[in-house]
Amino acid sequence: MFKKKTEKSNFNETVHEEHSLILGVGMPKCGTTAIENYLLRSNDYLMENGYEYPNLEYELVARDMEVPPCKGIYDNGNGGVFIQYYRKNQPAPRDHIYENLWEIIKEKLKYRNVILVSEDFWQSDCYRVVKDMKSHVQDTKVICYLRRQDLYIESSWNQGIKEGIWSWSFTQYIHILHIDEECGYLKKIQAMEEALGGDTSALSIGAYERSQLKNGSVINDFLDRIHIPGREEESAWGNERNERLCGELLDIKRFINSLTRDGEIQKRLLRYIEIYIHQTGDERECYFSPELRKEILRRFSEQNAQIARRYLHREDGRLFCDSDTVPYPVHEDKTVDPRIEEKLIKMAVTNLLGEIGRR
């Protein structure tokens, strides 16, 4: 949690240096989308409390109708809009769109604190991004949630299957994944600390475990870190489960992904199959064997302990508190039933021929 400022600002008179730029940097699979959705829909409440979550996409277009399309605030947060133009301007000279972004942000900072949130901050060069922010706004602060490495890997693989990004088995995925780079959180956090001038008080780190979140909600926890009172309605936000594919349906989706990368065709094929297997996302399963899970946790135990001691001020070095044992059966990679496979292939070919016929 950041320290409160001793004097309440008069939002009509203060200059932007007296307000803070709050960066919610992710990481992925830590409720970032829930935070983004909440902030976008609750701007009136934020502004009552001296904060704003600006719709940078809308503000840019309002200034310049010729702004090219970007991924958009609804897909990846207002910070995602910023990062798209930041990347286009590295290392090239700044263009007018990027300069317009900063003009918008600094204008907002004259009256209240500004919040930018996106997983893209985490997935970019954290040091350069945060340092660039700090060079524009002296009082820049970072909020970052971390997920236990084994659970993050499992969730990321399932999400990739669900979104049609890949068709690898879990075993293939963990061999392809650069685990040390992807899950070695300490290096990124140290880079952000350096970019903030070594000021650990400007870096708020949280463990993404319900037992460690304020009222068990990532929304309430985020608000608490910037001293905004939570309301009853916030408790429901961020607790919705991002349903996983599981069991046979997961294996079938993997097979569908291997047939086509067309997202619309993937959805149509999956809807057809769901009718046959009547399976919901309520079943729970895991993907690491108990032995491999222990190995992954051992690999990162020292890093996690350093993070806990330095950034959460926990002398015992315990970053994550939930049990290392996951009480769900291990999913076994299976081949798809040949009868279902035949129907899927026929449907994929039919869709493809129909697509060709419409051209």
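The model is predicted, so local features need pLDDT of at least 70 and side-chain atom pairs count only at pLDDT 80 or more, while totals for chains, interfaces and linings use all residues. Residues are numbered from 1 along each chain as its sequence is written, and side-chain values use heavy atoms, with hydrogens and water left out.

**Stop 1: Phe82 and Tyr86**

Select helix H4, residues 73–88. Helices here are DSSP runs of H or I with at least four residues, numbered from the N terminus. Find Phe82 and Tyr86, four residues apart in H4, about one turn of the helix. Their rings form a stacked aromatic pair, 6.3 Å centre to centre with 20° between the planes. Rings of Phe, Tyr and Trp (its six-membered ring) pair if their centres lie within 6.5 Å; planes under 30 degrees apart count as stacked, over 60 as edge-to-face and the rest as tilted. Both residues are buried, where buried means under 20% relative accessible area, with a 1.4 Å probe and protein chains only.

**Stop 2: across to Tyr98**

Tyr86 has a relative accessible area of 6%; for Tyr98 the value is 0%. The structure holds twelve aromatic pairs.

**Stop 3: the core**

Go back to Phe82. Leaving aside neighbours within four places in sequence, its contacts (heavy atoms within 4.5 Å) include Leu56, Leu101, Ile105, Phe121 and Met133. Which residues have the most contacts inside the largest nonpolar core? They are Phe82, Leu146, Ile153, Met192 and Ile307, in a core of 95 residues. Such a core is a set of buried Ala, Val, Leu, Ile, Met, Phe, Trp, Tyr and Cys residues joined through side-chain atoms within 4.5 Å. H5 gives the most to this core, with seven residues.

**Stop 4: H8 against H15**

Select H8 (residues 149–162) and H15 (residues 290–311). They pack at about 125°, with axes 8 Å apart. Axes are lines fitted to C-alpha atoms over the stretch in contact, and angles run from 0 to 180 degrees between N-to-C directions. Show Gln149, Asp150, Leu151 and Glu154 in H8; they meet Arg293, Ile296, Leu297, Phe300 and Asn304 in H15.

Terms used. Helix = DSSP H or I, 4+ residues; strand = E, 2+ residues; numbered from the N terminus. Buried < 20%, exposed > 50% of the residue type's maximum accessible area, 1.4 Å probe, protein only.
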